[in-house]
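Work through the exercises below with the model open. Each task is followed by a solution in steps.

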Amino acid sequence: MPTLSPLEAVSAARWRVAISLTIAMMVVYFGFILLVAFNKPLLGTLLAEGLSLGMLLGVLVIIVAWMLTWFYIRWANTHYDASLARLRVPAAREGSR
Amino acid sequence: MTSSLGEPNAIAITFFLVFIALSLVITAWAARRTKTADQFYTAGGSVTAFQNGLALAGDFMSAASFLGIAGLVALSGFDGLIYSIGWLVGWPIVMFLIAEPLRNLGRYTFADVLAARLRQKPIRIAASIGSLAVIAFYLIAQMVGAGNLIRLLFGLPYEAAVVIVGVVMLAYVLFGGMIATTWVQIVKAVLLLGGATLLAGLVLARFDFNLFALFAKAAEQYGTGVLSPGRQVSDPIDAVSLGLALMLGTAGLPHILMRFYTVRDARTARTSVGYATAFIGFFYLLTFILGFGAMVLIGRDAITAIDAGGNMAAPLLAEGVGGTPFLGFISAVAFATILAVVAGLTLSGAATLSHDLWVNVVRGDKADQREQLLVARGATVLLAIVSIVLGIAFQGQNVAYMVGLAFAIAASANFPALVLSIFWSRLTTAGAQSSMFVGTAAALLLIYASPTIQIDILHNTNAWFPLRNPGIVSIPLSFAVAIGVSLLWPVSSEARKFTELERQLHLGLE
């Protein structure tokens with residue numbers, strides 16, 4: 001396997017994270033929609049007075065969306081930005097000739 | 001219960017005039033800072049992450065979602081939650097796939113990203129068709145909604161309401177450009193989030209701040225069915241199709257994408273989506289509480305007596321828990337909400353017409369600042385007139401399907417080409433172009449052939465296309481066309497251009 005250039009490595013890492021998180025969001029969301037469509041009685045199950053399983057799961061989808069965005073920001077602020085900073089350094093040297 | 005809704009309400013008009021006065025002061029202040037095309041389209045890139053997060057929320061949370069979802073929840077309970085979630089889950093996708101590369105590769109419109117690596121003229125023409133179609137349907141829906149809403153809230157004639165919205169919005173965009181639009185959206189987002197929080201708080205106060213007591217009361221009055229899925233999701237394929245359009249459409253809305261150019265860099269763009277996702281999610285959770293509050297405290301019969309679609313549930317609730325002054329405040333907030341959304345739409349339409357079509361296609365990027373600003377402002381006036389005329393022409397139309405159509409076109413025409421141009425090196429001009437044409441045409445044709453148009457509106461006995469939402473067909477079709485055409489007729493120079501741009505995609509202009 002040919003070795004990746006630093007830029008290609010950063011690009012590949014970002015793509016992996018972006019696509020994994022996108023798929024995670026889609027699985028959670030469409031999982032919820034399909035449950036709603038195919039198993040209405042299940043989602044109508046009351047967990048407590050005034051709370052059905054469907055409502056709990058619906059709110060959880062919103063919370064998952066928040067958590068995934070939070071996770072991405074955390075990953076990007078630490079790992080992605082650090083790799084970008086390393087990519088920038090040689091360019092700055094070249095630019096200040 | 002008698003309501004003062006629909007009668008000219010002195011408090012509502014006062015709040016509304018205060019908002020207009022404040023926003024025009026902002027516009028006058030912004031006008032002095034709007035001297036270049038950069039400032040007109042992007043506020044000079046000086047918006048902070050927090051401000052842009054609020055402005056994105058202000059651009060996205062339309063009156064349709066505030067009044068429409070609260071009404072849907074009030075009338076059908078749980079089902080309203082499905083829409084709330086659909087409108088939120090597009091935001092993480094915007095964050096993961098689009099926001100940062102868009103900021104790094106473009107200047108004013110999302111077509112810049114495509115044009116950076118593909119052939120300028122054909123790709124900008126194709127992107128403009130998708131953009132303008134989305135903007136037109138979204139704008140019509142907002143204008144028709146505004147006319148109806150203001151008639152119900154303030155007792156003004158429909159036409160007068162549409163003209164007022166058009167003229168005030170024109171003032172913001174024409175003189176204040178992106179700076180005024182951004183601040184109007186920020187003020188609106190704060191008012192809407194604040195107003196909805198206060199309203200939800202007043203509702204919960206009636207139930208000793210016990211959310212489940214509210215839901216239990218609703219179940220007691222209307223049956224436990226209100227807490228479980230009902231009629232809204234009857235066909236699983238249609239539900240997934242709608243979900244796809246809502247989720248991926250958000251990442252293809254030109255006025256939302258344009259906001260990422262108003263911040264300094266990709267990192268700020270990223271942080272701003274984080275804020276926007278938090279605000280929008282919070283807002284949709286609130287509308288769920290408001291809907292149940294209206295169901296229990298106002299009652300379904302009282303809500304449908306005023307408006308059969310349930311759109312007046314939230315204003316009626318405000319009157320019920322806070323009296324006429326609070327009704328006035330919420331009405332003014334709803335009006336401000338519409339203004340902020342139409343201003344954002346008009347500005348992105350003006351950017352498409354002037355930056356993509358005039359400056360880059362007609363003039364071959366040889367227009368100076370003066371000419372760019374002049375054309376952008378001319379396009380703004382044109383769009384304001386068109387939106388007023390269409391708003392009046394489409395009076396009485398069902399706005400829900402037009403919003404659905406806007407999302408379906410955004411997801412089918414704009415999203416596939418945009419995401420492939422960011423991530424796929426072998427995409428060619430012809431591939432992206434045909435994907436955008438096919439996506440737009442497929443979304444339009446399938447909606448036309450759907451039961452929504454054929455049976456509900458044209459009163460035919462059957463429809464050629466069984467689904468109400470075209471996304472599940474039109475989005476994969478658009479991706480398939482882009483990939484198929486690119487692989488059949490590869491262009492190696494365009495693949496090399498992608499490699500050249502890879503550094504800029506991550507690091508921006510250095």
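Helix axes are lines fitted to C-alpha atoms over the stretch in contact, and angles run from 0 to 180 degrees between N-to-C directions. The model is predicted.

**Exercise 1. Describe how α4(B) packs on α8(B).**

Step 1. Take the geometry. Helix α4 (residues 63-76) of chain B and helix α8 (residues 120-154) of chain B meet at an angle of about 60°. Their axes lie 10 Å apart.

Step 2. Classify the angle. Roughly parallel needs an angle under 35 degrees, and roughly perpendicular begins at 65. α4(B) is therefore oblique to α8(B).

Step 3. Assign the hand. The two helices α4(B) and α8(B) cross in a left-handed sense.

Step 4. List the residues. α4(B) contributes A63(B), A64(B) and L67(B). α8(B) contributes A141(B), G145(B) and L149(B).

Step 5. Sort the contact of α4(B) with α8(B) by class. There are 5 nonpolar residues, 1 polar residue and no charged ones.

**Exercise 2. Do the analysis again for α8(B) and α9(B).**

Step 1. Helix α9 covers residues 158-205 of chain B. α8(B) and α9(B) pack at about 125°, with axes 8 Å apart.

Step 2. Roughly perpendicular ends at 115 degrees, and roughly antiparallel requires over 145. α8(B) and α9(B) are therefore oblique to each other.

Step 3. The crossing of α8(B) and α9(B) is right-handed.

Step 4. On α8(B), the residues are M143(B), A146(B), G147(B), I150(B) and R151(B). On α9(B), they are Y158(B), A161(B), V162(B) and V165(B).

Step 5. The contact of α8(B) with α9(B) holds 7 nonpolar, 1 polar and 1 charged residue.

**Exercise 3. Which residues touch the most other members of the largest nonpolar core?**

Step 1. The core has 227 residues. F137(B), V165(B), L290(B), A294(B), L317(B), L339(B) and A406(B) touch the most other members.

Step 2. Find the main contributor. Helix α15 (residues 313-362) of chain B gives the largest share of this core, 27 residues.

Step 3. Follow L317(B). Leaving out residues up to four places away in sequence, L317(B) touches L199(B), V203(B), L290(B), G293(B), A294(B), L297(B) and I298(B).

**Exercise 4. Is D235(B) buried, exposed or partly exposed?**

Step 1. Locate D235(B). This residue sits in the loop between α10 and α11 of chain B.

Step 2. Count neighbours. D235(B) has 14 other C-beta atoms within 10 Å.

Step 3. Apply the cut-offs. Buried needs 20 or more, and exposed means 12 or fewer. D235(B) is therefore partly exposed.

Step 4. D235(B) and V481(B) are 246 residues apart along the chain, and their C-alpha atoms are separated by 27 Å.

**Exercise 5. Characterise the side of chain B that touches chain A.**

Step 1. Count both sides. In chain B, 43 residues are in contact with 43 residues of chain A.

Step 2. Name the elements of chain B. Those giving two or more residues are α5 (79-88), α6 (90-105), α10 (211-222), α11 (236-250), α13 (266-297) and α21 (492-507). The largest share, 10 residues, comes from α13(B).

**Exercise 6. Summarise the fold of chain A.**

Step 1. Chain A has 3 helices and 2 strands. Along the sequence, they follow the pattern α-α-β-β-α.

Step 2. Of the 97 residues in chain A, 25% are buried.

Step 3. Consider chain A contacts between residues at least 6 apart in sequence. Of these, 56% join residues at least 24 apart.

Notes: Residues are numbered from 1 along each chain as its sequence is written. Chains are lettered from A and ligands numbered from 1 in the order in which they are written. This is a predicted model: local features need pLDDT of at least 70, side-chain atom pairs count only at pLDDT 80 or more; totals for chains, interfaces and linings use all residues. Two residues are in contact if their C-beta atoms, placed from the backbone, lie within 7 Å. Helices (H or I, at least four residues) and strands (E, at least two) are DSSP runs, numbered from the N terminus. A nonpolar core is a set of buried Ala, Val, Leu, Ile, Met, Phe, Trp, Tyr and Cys residues joined through C-beta atoms within 7 Å. A crossing is left-handed if the near helix is turned anticlockwise from the far one by less than a right angle, and right-handed if clockwise. Ala, Val, Leu, Ile, Met, Phe, Trp, Tyr, Cys and Pro count as nonpolar, Asp, Glu, Lys and Arg as charged, and the others, Gly among them, as polar.
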